[in-house]
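Visitor: I would like to go through some labels and ask what each one rests on.
Guide: Then let us look at the model and take the labels in turn.

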Amino acid sequence: MTTQATVIAPDLIPEALYPTLNALCAVSIDVAGVIARGALGGALAAQVGENTDGDQQKALDVMADEMFEAALRGGDVRWYASEEQEAALQTSETGRYALAIDPLDGSSNIDVNVSIGTIFSIFEAKDGAEESFLRPASEQIAGGYILYGPATCLVVTFGNGTLQYVLDPAKREFVLVEQAMQVPQTSKEFAINASNERHWTKPVKAYIDACLAGKDGPTGMEHNMRWVGSLVAETHRILTRGGVFLYPGDSRPGYESGRLRMVYECAPIAMVIEQAGGKATDGATPILERQADGLHARVPLVFGSAEMVQQVTDQHVMDH
């Protein structure tokens with residue numbers, strides 16, 4: 001692993017994980033710099049190919065993946081799994097960790113200057129790549145994301161609360177601003193792609209209809225809908241002011257399990273949210289009780305304020 005300057009204080013980070021987390025942060029500062037230049041940095045939103053699931057790869061997707069992989073190679077990460085790579089890569093012979101990453105989440109928003117991010121999950125490595133990642137999400141030892149927005153933020157958990165750091169660009173350092181983030185128990189905001197309503201399952205439609213009924217409906221309050229199309233941005237909003245996010249499975253071919261990947265999107269987001277007092281499920285079962293059957297396997301995702309996620313679960317229970 002390339003030796004990185006210290007860009008984040010080690011105080012609250014497990015000592016053994018510090019070099020890996022510091023490397024992630026160092027790369028993220030460079031990625032944030034590229035994003036901040038926008039069109040001055042070239043055609044970052046240009047399509048350059050497709051990943052193994054057929055999703056469009058943008059130039060910045062590939063660039064970020066190459067930057068993170070290079071920074072981690074030869075260090076404490078033995079197995080590196082990325083949304084942009086078909087299979088996990090061995091980046092060290094003796095590293096003790098397996099790191100899964102979505103190098104650039106929300107890349108469809110690159111060209112419209114909306115917040116995007118990096119999501120990562122860390123497990124203790126096993127002898128093989130598959131056994132390192134295809135295991136219960138509850139076995140993660142760290143999970144988090146880096147948000148590239150008006151401020152660049154790191155939100156991370158090591159299983160003992162959810163921390164938030166903000167990048168001081170003048171010093172190129174991440175500064176701790178919250179030691180114990182807490183998701184409000186309820187809210188008036190929900191996030192879902194309403195254009196897919198005709199494909200939703202009965203429980204999902206029933207929950208959204210209840211929200212739309214406002215104060216005269218079963219929730220007894222007016223609601224607002226939000227939809228950014230960037231998982232990191234949605235998560236950061238919910239951590240800050242509460243709400244619920246739904247990306248359910250639906251009736252369209254290929255969408256039966258939604259579109260979000262378990263290993264490097266849903267699992268780390270679930271860990272972050274639950275450590276902040278929220279809930280994360282597939283609609284009924286907690287995400288942290290599930291495990292993927294493939295590196296790029298998808299799973300429905302519902303997360304956010306505990307009370308609101310429970311209401312979605314109740315709808316699924318009633319439907320069965």
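This is a predicted model: local features need pLDDT of at least 70, side-chain atom pairs count only at pLDDT 80 or more; totals for chains, interfaces and linings use all residues.

Visitor: Why is the aromatic pair of Trp 227 and Phe 245 called stacked?
Guide: The ring centres are 5.6 Å apart and the planes make 10°. A search of the whole structure finds 3 aromatic pairs.

Visitor: Is Phe 245 buried or exposed, and how do you know?
Guide: Its relative accessible area is 2%, and buried means under 20%, so Phe 245 is buried. Trp 227 has 31%; exposed requires over 50%, so Trp 227 is partly exposed.

Visitor: Which residues form the aromatic cluster?
Guide: Tyr 247 and Phe 303 form one cluster with Trp 227 and Phe 245.

Visitor: What makes Arg 252 a charge over the face of Tyr 255?
Guide: Arg 252 lies at 3.7 Å from the ring centre, and the limit is within 6 Å, together with a position within 35 degrees of the ring normal. Arg 259 also lies over the face of Tyr 255, at 4.7 Å from the ring centre.

Visitor: Why are S3 and S5 said to pair?
Guide: They share 5 bridges in the parallel sense, and pairing takes at least two, so the strands qualify. Tyr 80 stands opposite Leu 99 in S5.

Visitor: What makes S4 and S10 edge strands?
Guide: The open sheet runs S4-S3-S5-S6-S7-S8-S9-S10, with mixed pairing. S4 and S10 each have a single partner strand, so one side of each is left without a neighbour in the sheet.

Notes:
Residues are numbered from 1 along each chain as its sequence is written. Side-chain values use heavy atoms; hydrogens and water are left out. Rings of Phe, Tyr and Trp (its six-membered ring) pair if their centres lie within 6.5 Å; planes under 30 degrees apart count as stacked, over 60 as edge-to-face and the rest as tilted. Buried means under 20% relative accessible area, exposed over 50%, partly exposed in between (1.4 Å probe, protein chains only). Helices (H or I, at least four residues) and strands (E, at least two) are DSSP runs, numbered from the N terminus.
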